[in-house]
Amino acid sequence: MEFLAVVVILFTVVLFLTVLAIYQIKMAGMNVKDFWSFIKANETLDKLYAFSVRYDKLSPQQQILFLAEAEKIFDAFDKVPDALWEEEYGKYMEILNKYKDIKMVRWENS
């Protein structure tokens with residue numbers, strides 16, 4: 001019986017925290033879906049940043065993949081307030097600069 005009471009209390013606390021998190025996201029003017037896509041994009045940003053630093057020359061296939069992933073990141077970051085990702089601004093700008101460079105090279109070659 002005590003075990004059941006503990007489970008119910010823990011479930012209630014988790015449910016309360018979830019509702020509170022959703023409420024705070026809504027109060028910040030975002031959708032939960034946009035916030036979740038931002039979290040995933042932030043993980044991708046770190047991987048893409050490490051990739052862009054490691055490799056100066058990319059094959060055409062790698063360039064296409066880089067451009068597609070960068071566009072997903074840009075879309076997700078545009079949907080959330082800037083204050084939320086100001087710590088990642090340097091990485092974001094590095095990816096943006098690499099994105100612009102690749103676009104320029106591809107435009108010159110076509």
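Predicted model: local features only at pLDDT ≥ 70, side-chain atom pairs only at ≥ 80, totals over all residues.
Local features need pLDDT of at least 70 and side-chain atom pairs pLDDT 80 or more, while totals for chains, interfaces and linings use all residues. Residues are numbered from 1 along each chain as its sequence is written, and side-chain values use heavy atoms, without hydrogens and water.

**View 1. The largest nonpolar core has 21 residues.** Such a core is a set of buried (under 20% relative accessible area, 1.4 Å probe, protein chains only) Ala, Val, Leu, Ile, Met, Phe, Trp, Tyr and Cys residues joined through side-chain atoms within 4.5 Å. Phe66, Ala70, Phe74, Phe77 and Ile95 have the most contacts inside it. Helices α2, α3 (60-78) and α4 (89-109) each supply at least two of its residues. Helices here are DSSP runs (H or I, at least four residues), numbered from the N terminus. The largest share, seven residues, comes from α3.

**View 2. Asp46 and Lys91 form a salt bridge.** The term means a side-chain nitrogen of Lys or Arg within 4 Å of a carboxyl oxygen of Asp or Glu. Here the N to O distance is 2.8 Å. Asp46 lies in α2 and Lys91 in α4, so the pair ties together parts 45 residues apart in sequence.

**View 3. Glu88 also forms a salt bridge with Lys91.** Their closest N and O atoms are 3.7 Å apart. Glu88 counts as buried, at 15% relative accessibility. Shared partners join Asp46, Glu88 and Lys91 into one network.

**View 4. Glu69 forms a salt bridge with Lys72.** Their closest N and O atoms are 3.4 Å apart. The two residues are three apart in helix α3, separated by about one helical turn. Lys72 counts as exposed (over 50%), at 52% relative accessibility.
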